[in-house]
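Please prepare a briefing on the structure shown below, covering its salt bridges, its surface and its pocket, with the cut-offs stated for each term.

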Amino acid sequence: LPFPFSCFGAERFAMSGVSVMRSCGFINTLAFGSECADISLLSCAASFLLTDDFKSAVEEKMSADRSLGYARARSTVLSEKIGINLTEPNDILGVEYLKALKKLRAEGISPIALPRTGAPHNGTFSSENGTASASYIRRAIHKGNTGEILRYVTPETAKNLGCTVKTDSGLLFRLTVSAILSLGTDGLSDIAEIPHGLEHSL
């Protein structure tokens, strides 16, 4: 995916990816990792998320509790209405893939939920099967720990990662915050996916 689309949140990221696959015209399967690996359960959640009942329930939740963000309201409504606890990151993205398939009417693409095993999302590593999360590998890159990287990726990938520019994440964060604050309310409101009203809170 082009850079802007690959950096979107789960919903737009999934929609962008499925749109590309559908446009290709020859892709018939979409496989994704999932903590629960229950395609029926995830498909049920996806269908409910596209209903007016879901939208109304979320609006009611957020109106009743102004401190409740959209993500928490969505999770609460899913749990209360259809008994699904959607909290794991890969399950959340998987549901967005399924939503995109339904919205685009991509009937020719069959979804498959593959069980995620080994290290959890944003975790360290799994001693059981020797897998590491992307977060763990990024930390190893930041520390310049080449030997650790080679334990978990292919030689070709390790070679490419060797060209990665090491950055001071703290400095990068401060520069990013400074750039955001310098935009002002009008500039902030023009940024894609900025929640409505957030520009007045910074």
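## Briefing on the predicted model

L1 is placed in the segment before α1 (3–6), where helices are DSSP runs of H or I with at least four residues, strands are runs of E with at least two, and both are numbered from the N terminus. This is a predicted model, in which local features need pLDDT of at least 70 and side-chain atom pairs count only at pLDDT 80 or more, while totals for chains, interfaces and linings use all residues. Residues are numbered from 1 along each chain as its sequence is written, and side-chain values use heavy atoms, with hydrogens and water left out.

**Surface**

- L1 counts as partly exposed because its relative accessibility is 47%, given that buried means under 20% relative accessible area, exposed over 50% and partly exposed in between (1.4 Å probe, protein chains only).
- Together with F5 and V20, L1 makes a nonpolar surface patch of about 260 Å².
- Patches are made of residues with over 30% relative accessible area and no salt bridge, with like charges joined within 9 Å and nonpolar side chains (Val, Leu, Ile, Met, Phe, Trp, Tyr) within 5 Å; accessible areas come from the Shrake-Rupley method with a 1.4 Å probe, and for residues only the protein chains shown count as cover.

**Salt bridges**

- The count comes to 4 salt bridges, each defined as a side-chain nitrogen of Lys or Arg within 4 Å of a carboxyl oxygen of Asp or Glu.
- E11 and K99 form a salt bridge through their side chains at 3.2 Å, N to O, and this pair links distant parts of the chain, as E11 is in helix α2 and K99 in helix α6 (residues 89–103), 88 residues apart.
- Within that pair, E11 counts as partly exposed at 41% relative accessibility, whereas K99 counts as buried at 6%.
- The side chains of E80 and K61 also meet in a salt bridge, at 3.0 Å, N to O, with E80 in helix α5 (residues 70–82) and K61 in helix α4 (residues 52–64), 19 residues apart.
- E80 is exposed, with a relative accessible area of 51%, while K61 counts as partly exposed at 26% relative accessibility.
- A salt bridge of 2.8 Å, N to O, joins the side chains of E96 and R74; because E96 lies in helix α6 and R74 in helix α5, the pair ties together parts that are 22 residues apart in sequence.
- Both E96 and R74 are buried, and salt bridges that share partners join E11, R74, E96 and K99 into one network.

**Largest pocket**

- The largest pocket has a volume of about 950 Å³, a volume being the space filled by probe spheres set on grid points that are joined across faces, edges and corners.
- On a 1 Å grid over the protein atoms alone, a pocket is an open set of points with protein on both sides within 12 Å along at least five of seven lines, and its lining residues have an atom within 4 Å of a point.
- The largest pocket is lined by 28 residues, of which E11, Y70, R74, E96 and E193 are the closest to its centre.
- Two or more lining residues come from each of α2, α4, α5 and α6, and α6 gives the most, with 7 residues.

**R22**

- R22 lies in helix α2 (residues 10–24) and is partly exposed, with a relative accessible area of 45%.
- Not counting residues up to four places away in sequence, R22 touches L104, R105, A106 and I109, where contact means heavy atoms within 4.5 Å.

Note on methods:
1 Å grid on protein atoms, 1.4 Å probe; cavity = no way out; pocket = protein on both sides within 12 Å on 5 of 7 lines; lining within 4 Å.
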